Amino acid sequence: MSQPRRRLFEGFRLRDLRRRLVLSQSAMAARLGISVPYLSQIENNGRPITDVVLLALAREFPMEAADIGAEAETSTLLRTIDAATDTSIPAHALSEPDARRGLEQQPLLARRLVAVHEAWRRSQEQLRVLDDRFDSGSSDAAPLPWEEVRDWFQAEGNYIDAIDRSAEALADAIDEGPITQALEDRLRRWHGVGVIGEDSDGSQLSRFDEATRTLALNSGLPPESRAFLLAHRLVRYEFANEMRHVVAEAGLASQASRELLSVGLANYAAGALLMPYGQFRARAHEVRHDIDRLRQRFGVSFEQACHRLSTLQRPGAAGLPFFFCRVDMAGNITKRHSATRLQFAALGGACPLWIVHEAVAIPDRILVQLAEMPDGTRYVSMAKGLVKPSGSYARPPRRYAVALGCEEAHAADFVYADDLRPGGPATPIGASCRICPRTDCDQRAFPPAGSVIEIDADRRSVVPYAFR
């Protein structure tokens, strides 16, 4: 006979979570599906946190609520329910009460279900990685340096704690006033670096002369780019030890990968300095992740604000789980990160139905889409086409689009979802055609790998074959 569960009195954790999220009791109670008096009793340890409340927390705040009820028994329950109710496995889904009874009555069977489910997820991730390798045309077993660095950031959750916290402390220490002037003053006083302007055709953004300790910045840069390059130079001095340690511990295979990681860490640190974690996360929640309001408040570009939102993964104080990517005119994804179940190794920029491809052709206009993956997971995507001037008539400007999105469950916290009808029709997008199972897609470029082609010479459709 199973032992009764220890009653969980951790109301202070729930109260701290609510305050970090800047939610009123009524707003938190509505998200959890409970009454305000009940929530108040829980926060004051008058009532325990039940399994029902724990599950609601896990659904509504998957990153932030990880530490509440983090005992092994609770973790097993949540993982069992995740495996039993996973919509990406369409057959024989169980309800949460059924999963809970199964764990109580057959704990070994439930743990076996969890183990099989996690193994299945790993196999799906391996399939996505193989598809990405095939798409890139790489036949080598070892990843290319940029792939290795990209995968390292993904494995780290795109959050580097030591560097992020150091950047937040430095932001507090920098003099108040215009950020560009404050950064220049810090470089001059602490590191003996002078900053000058330099005319250029736009091909060179900055140039540092070690002999004269002079940083030359392109005079045509917009303010946000100038601030980023100043921050990038500053963090290379201020966080040199931290970055060296991270690179040494990363275990990357080649010198080129380690050098690329150093550059990536400096880019990360510069963004963290301009958009300090606590301030940025609180403001993002306050304005419901409105990118234009964020970029104005912190003096950054639209792309920089989008990217920073995808890095808010600090344990115990995580932001909304977003995916972020940048796509060029040819459909190549040149930046990618996902804190959601959507993984860009799978998507690869290949699905033409995804709104980001249309955004590339329509600069300076925000497009919004409710999209559904083959496993039934639905995402709210925001995409905007951007144009970066080249600085010279002889060189074409850079055109690309950035996309930011979250699962539909978080739509209430994402201002771009306001014009979408909750639970309404969604655009069916997919992964790479090689692993997409959709049979009714008019945009399919080729059949999925391993399928059997069926051709009827007497019938002609948009896609000239069927498959099974």
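The second largest cavity lies between domain 4 (318-431) and domain 5 (433-467), because both give residues to its lining; the domain bounds come from an automatic or database domain assignment. The model is a predicted one, where local features need pLDDT of at least 70 and side-chain atom pairs count only at pLDDT 80 or more, while totals for chains, interfaces and linings use all residues. Residues are numbered from 1 along each chain as its sequence is written, and side-chain values use heavy atoms, with hydrogens and water left out.

A cavity here is a set of points, on a 1 Å grid over the protein atoms alone, where a 1.4 Å probe fits but cannot get out, and lining residues have an atom within 4 Å of a point. Grid points are joined across faces, edges and corners, and a volume is the space filled by probe spheres set on the points. The rule finds two cavities of 30 Å³ or more. By type, the lining splits into nine nonpolar residues, two polar and two charged (Ala, Val, Leu, Ile, Met, Phe, Trp, Tyr, Cys and Pro count as nonpolar, Asp, Glu, Lys and Arg as charged, and the others, Gly among them, as polar).

With those cysteines in view, how many disulfides does the structure hold? There are zero, a disulfide being a pair of cysteine sulfur atoms within 2.5 Å. For Cys 351, the nearest cysteine sulfur is that of Cys 441, 6.2 Å away, which is too far for a bond. Cys 351 is also buried, at a relative accessible area of 9% (buried means under 20%, exposed over 50%, and partly exposed in between, with a 1.4 Å probe and protein chains only).

Now turn to Glu 303, which sits in helix H16 (residues 302-309); helices (H or I, at least four residues) are DSSP runs numbered from the N terminus. Glu 303 is buried, with 6% relative accessibility. Leaving aside residues up to four places away in sequence, Glu 303 touches Phe 324, Arg 326, Lys 335, Leu 386, Lys 388, Tyr 400 and Val 402, a contact meaning heavy atoms within 4.5 Å. Between Glu 303 and Leu 386 there are 83 residues of sequence separation, yet their C-alpha atoms are 8.7 Å apart.

Finally, visit the loop between helix H14 (277-286) and helix H15 (291-298), where Arg 288 is found. Arg 288 has a positive phi, near 55°, though not a glycine, and is partly exposed at 26% relative accessibility. His 289 is in the loop between H14 and H15 too, and its phi is positive at about 60°. His 289, however, is buried, with a relative accessible area of 6%.

Definitions and conventions: 1 Å grid on protein atoms, 1.4 Å probe; cavity = no way out; pocket = protein on both sides within 12 Å on 5 of 7 lines; lining within 4 Å. Helix = DSSP H or I, 4+ residues; strand = E, 2+ residues; numbered from the N terminus.
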